[in-house]
Amino acid sequence: MSEYFSLSDCDVIGFDLDHTLCRYHLKETSRLIYESFARYLVEQKGYEKDLLNLTPATWDFCFKGLVVDLEDGNLVKLAEDGTVLRATHGTIDLSTEEILKHYGPKREWKHFNSLNTSFTRSAKYYFYDNYFDLPGALLCGRVVDMMHKRGNEVNSDFWKDMLAAIDHNYNTSAFKEDAGTYFPSVKRDPSRYLQPCSESVKTWLRSMKNAGKVLLLITSSHSDYCRLVCEHILGKDFEELFDVIITNALKPGFFSLVPQQRPFRTLVNDVEESEGLPSLDKPGWYSQGNWPHLHELLKTMTGKPDPKVVYFGDSMRSDMFPASHFGKWETVMIVEEMEGEGVPKSDAAMSNEAQVEPLEKKGKFEEQGMKSPSAVSNQWGSYFVDIHKSGGGDEESQKLTWCCHCIHKYSTMAIPSVEHIADLPLDYKFPRFSPDKPCTTGYYPRPPNSLLKRCESLS
């Protein structure tokens, strides 16, 4: 395999939608998502009203890549070998001594092997790896704090309520029925939450299509929400940019399940036809579906027995792992955390932000210092690297986080946003991640600060 990756070598270029093609105003969206979950717990499940009160400082806790252990209410940050780098009970830090007491001298988290090899959901833990459910990590921590304060024993029962809150706000009929808090708010004021794509991204998509590439959009969002987002970020004619649009794709099952379990369905007025399709025979807009049937269609469309596909996504669990593991696709991971560690924002993104009307003159949260969920956290540190203290606290070594290790293992390359590469020629050669190369190789336009520092300290 070449040590470089180029879009011009690919026959098919696929995109996830949310936090990949569509960038959100993270602070606004995170507050909305937190409120939509918390309001459900308070209004429907009788939880304390105090859950709805947040200070800007509270947001430092919101950090991608945490795993909540549903059996004890701990949240953990893992190293690449599954050892616990940092942990909290609820939102309260566990000391090194408490970590050693809870996880043993080797600091081993017992469910690591099942999470690390398959990324499957479990009744025992939940992995927060995307911005759509991330505010739930903060809510989880605060719920555990409240149970503790009341002297209640923490067990996984509270999680049933959390799942009900997620379903109430995000289920496929919620958009149409104006249910929950999330969809009605975004429908009312899309520009408060969604960032339009720059002209350079739209031109880039057209140039790939003009170069004969097949363009795919594969999202787990339902068709009605997908249309709202795409019209806002790409314009009313967004459908012309893509050959195939797949909504309600229910990733990662889209890649991992056999076709009989999840056939493609056609849509009529955003309602799925009850009868599944035996195969895909032409481009168009479909719902649900599976990777093998899509692969057959791509063979026909490209005229190649084994078309080369690249897929852009932001979730390790839903995009990178299944697309590379099951689909054997090239994968480009969108890692907004790179911007929190010294990687400059793209010019297009900067001018885009400048054009957006300031929200009530940037709103009170901005002035009081709400951290963006993609920035480095004081409580959790860097998304990529962390200090590992051995027992006794004397020896310190820098370890890659498990999330960082997964990026290197399941992605071809990583970028902070598609804006960062939209102005480059299609035959631009990007260095790809490789076990034989330094761990800084594979990030474009440059690696995050913490990885650079780690490499310097090792050399």
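1. The largest pocket has 36 lining residues, with Arg121, Phe132, Tyr170, Ser220 and Ser221 nearest its centre. A pocket here is an open set of points on a 1 Å grid over the protein atoms alone, where a 1.4 Å probe fits, with protein on both sides within 12 Å along at least five of seven lines; lining residues have an atom within 4 Å of a point. Bear in mind that this is a predicted model: local features need pLDDT of at least 70, side-chain atom pairs count only at pLDDT 80 or more, and totals for chains, interfaces and linings use all residues. Numbering starts from 1 along each chain as its sequence is written, and side-chain values use heavy atoms, leaving out hydrogens and water.

2. What about the make-up of that lining? It divides into 12 nonpolar, 12 polar and 12 charged residues. Helix 5 gives the largest share, four residues. Helices (H or I, at least four residues) and strands (E, at least two) are DSSP runs, numbered from the N terminus.

3. On to the sheet: five strands make an open, antiparallel sheet in the order 7-6-5-4-8, where pairing takes at least two DSSP bridges. Strand 7 (92–93) and strand 8 (125–127) are the edges. Strand 8 also supplies at least two residues of the lining of the largest pocket.

4. Strand 4 (residues 67–69) and strand 5 (residues 74–78) are joined by three bridges, with valine 68 opposite leucine 75.

5. Helix 13 also supplies at least two lining residues. Its Met316, Met320, Phe321 and Ser324 meet Cys406, Ile407 and Tyr410 of helix 16, contact being heavy atoms within 4.5 Å.

Technical notes:
Ala, Val, Leu, Ile, Met, Phe, Trp, Tyr, Cys and Pro count as nonpolar, Asp, Glu, Lys and Arg as charged, and the others, Gly among them, as polar.
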